[in-house]
Amino acid sequence: MAEFAVTIKIESPLHLGSGQADVNLDAEIVHDAFGLPYFPAKRFKGLLYESAVEVYEMFELAGMNKEKLANPESLFHKFSDDAGNVSAAQIIVPNFYLKDYQKLCADWKFLQKKYPAIFRPADVLKTFTSIRYQTELENGIAKKGSLHNLNVLNAGTEFFGKLEILNHTDEVLNLIALAIKNLTFAGTKRNRGFGRISCEITLDKKISVEEIAKGA
């Protein structure tokens, strides 16, 4: 088994929608019972797949050595590649949480139990987020009734987690490492400057684009 320690840093306001809303807010972000935001595993794995496909296609278009990369379809969707191969590797993606998450949970659980009127989950969430207002334009003029708001994670917020890769090969590790580094956007409203992210990874084996391209 191999592990990637991953840090996701929010570079611009990010909206990871929870599908919830209330009378004051049109779109809420995902958070736990204490009001602490997190980056869902399913959301990250979907982004990782999209990024892996993009990396694979870039290698093809640039004439680089794509044989040093696993096929994204056979790895993520277990489809046969052109040679009829299906990857035996398995990627286990966790939810990504704030630094010292367990301690934060214990602290907020104590405070919310002792002072429920003061330390509410919604108040906790406010320390990591802000509300943005947007409107739809029609011929350069704000469309009537189109004003809405959404909660976004503040830039500078960081999430941490470890990906586990079972039955891995060098080609699988190469693809995942490059796909993680290639991740630059997440969430909604990306065309309006929202959702820019950067990812840092730690792995015992150093993997560089130059080595993969040369077939090292």
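A: One term to start: buried means under 20% relative accessible area, exposed over 50%, and partly exposed in between, with a 1.4 Å probe and protein chains only. Helices (H or I, at least four residues) and strands (E, at least two) are DSSP runs, numbered from the N terminus.
Q: Which residues of H1 are buried?
A: Ala-41, Phe-44, Leu-47, Leu-48, Ser-51, Ala-52, Val-55, Tyr-56 and Phe-59.
Q: Why that kind of spacing in a helix?
A: An α-helix has 3.6 residues a turn, so residues three or four places apart point the same way.
Q: What comes just after H1?
A: Gly-63, with a positive phi of about 70 degrees.
Q: Where do these values come from?
A: This is a predicted model; local features need pLDDT of at least 70, side-chain atom pairs count only at pLDDT 80 or more, and totals for chains, interfaces and linings use all residues. Numbering starts from 1 along each chain as its sequence is written, and side-chain values use heavy atoms, leaving out hydrogens and water.
Q: How many helices and strands in the protein?
A: 6 helices and 8 strands. Buried residues make up 39% of its 216 residues.
Q: New topic: E1. Which residues are on its covered face?
A: Ala-2, Phe-4, Val-6, Ile-8 and Ile-10. Glu-3, Ala-5, Thr-7 and Lys-9 form the uncovered face.
Q: And which way do E1 and E7 pair?
A: Antiparallel, over 8 bridges. Strands pair if DSSP finds at least two bridges between them. Ala-2 has Ile-165 in E7 as its bridge partner.
Q: How many bridges join E1 to E8?
A: 6, and the two strands run antiparallel. There, Val-6 stands opposite Ile-201.
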